[in-house]
Amino acid sequence: MPEGDTVYRQAALLRRALAGQVLVRSDLRFPSIATADLSGRTVTEVVPRGKHLLVRTDGGPEGLTPLSLHSHLLMEGMWHVYPRGARWRRPGHQARAVLETARAQAVGFDLGMLDLVPTAGEDEVVGHLGPDLLGPDWDRAAALGRLAAVPGRRIGAALMDQRNLAGIGNVYRNEVLFLGRVHPFTAVADVPDPGALVDLAHRLLHVNRDRSQRSTVGGPARRGEQFWVYGRGRQPCRRCGARITEARIDDAELGPGRPAPGPPRDRAVWFCERCQPRA
């Protein structure tokens, strides 16, 4: 599942292939930008922002407005890089963006979002995000302030809100709460040490940002053994042996009796009732 560490690695992959290179061809397969052409522009930077990616380009030889290609992987998206002319590892109908240089092709498959905005106006697509757990400008105090702003909200939902802190997905939500011994349905105001949870998230994403396989159990682990509770409903807790509980949480809800506008966003959560007792 793409989360902040995955996007960080994707940015590094694209940076190695594209940064400083002139685009000789672009093919953007989203209706709103399908006619846009980035060829002739030089890629200046590739920047991760939480779960979002920004490929920045200059104005090209004509001195046009610098543009940023913004993408979001959502659940299934992924960027691949190939030598120019090489065969793709996924079907062509899944490609949503192609950026080609004289040497390489970067192909975005099944991207959930794709926008083209002036680089100076990137806030239009990422300005709503909270502090980035993997960003050079990480601001712990600001993240804690945003979490505390809605004290009645369940901590399991608050941690997933990218407006509070950017980069946590469902894997890290579950693993951070288990390691912090906090029940996901605990109100933010009742969490004994929210700062410890934020620090755990920061540390886990940093540890995993350069790993090909994510692990939260203290080091690289074999597939199926790399998590404490995520995806392990009804299996024994690795810490105490009790059976792991699976439940649903509405990530949009702001607290008891405070439904958020729009439809519910129910997601599965896993936790150990013994290791994570309700407050």
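Here are legends for a few close-up views of this predicted model. Local features need pLDDT of at least 70 and side-chain atom pairs count only at pLDDT 80 or more, while totals for chains, interfaces and linings use all residues. Residues are numbered from 1 along each chain as its sequence is written, and side-chain values use heavy atoms, leaving out hydrogens and water.

**View A. A four-strand sheet.** Here's an open sheet with the order β1-β6-β7-β5 and antiparallel pairing (strands are DSSP E runs of at least two residues, helices H or I runs of at least four, both numbered from the N terminus; two strands pair if DSSP finds at least two bridges between them). At the edges sit β1 (25-28) and β5, each pairing on one side only. Look at β1 and β6 (residues 95-100): they pair over 4 bridges, and R25 has E100 as its bridge partner in β6.

**View B. L74 in its loop.** L74 lies in the loop between β4 (67-72) and β5 (78-83). Its phi is positive, about 50 degrees, although L74 is not a glycine.

**View C. R234 in another loop.** Move on to the loop between α6 (194-208) and β9 (245-250), where R234 lies. R234 is a residue other than glycine, yet its phi is positive, near 70 degrees. With 60% relative accessibility, R234 counts as exposed.

Technical notes:
Buried means under 20% relative accessible area, exposed over 50%, partly exposed in between (1.4 Å probe, protein chains only).
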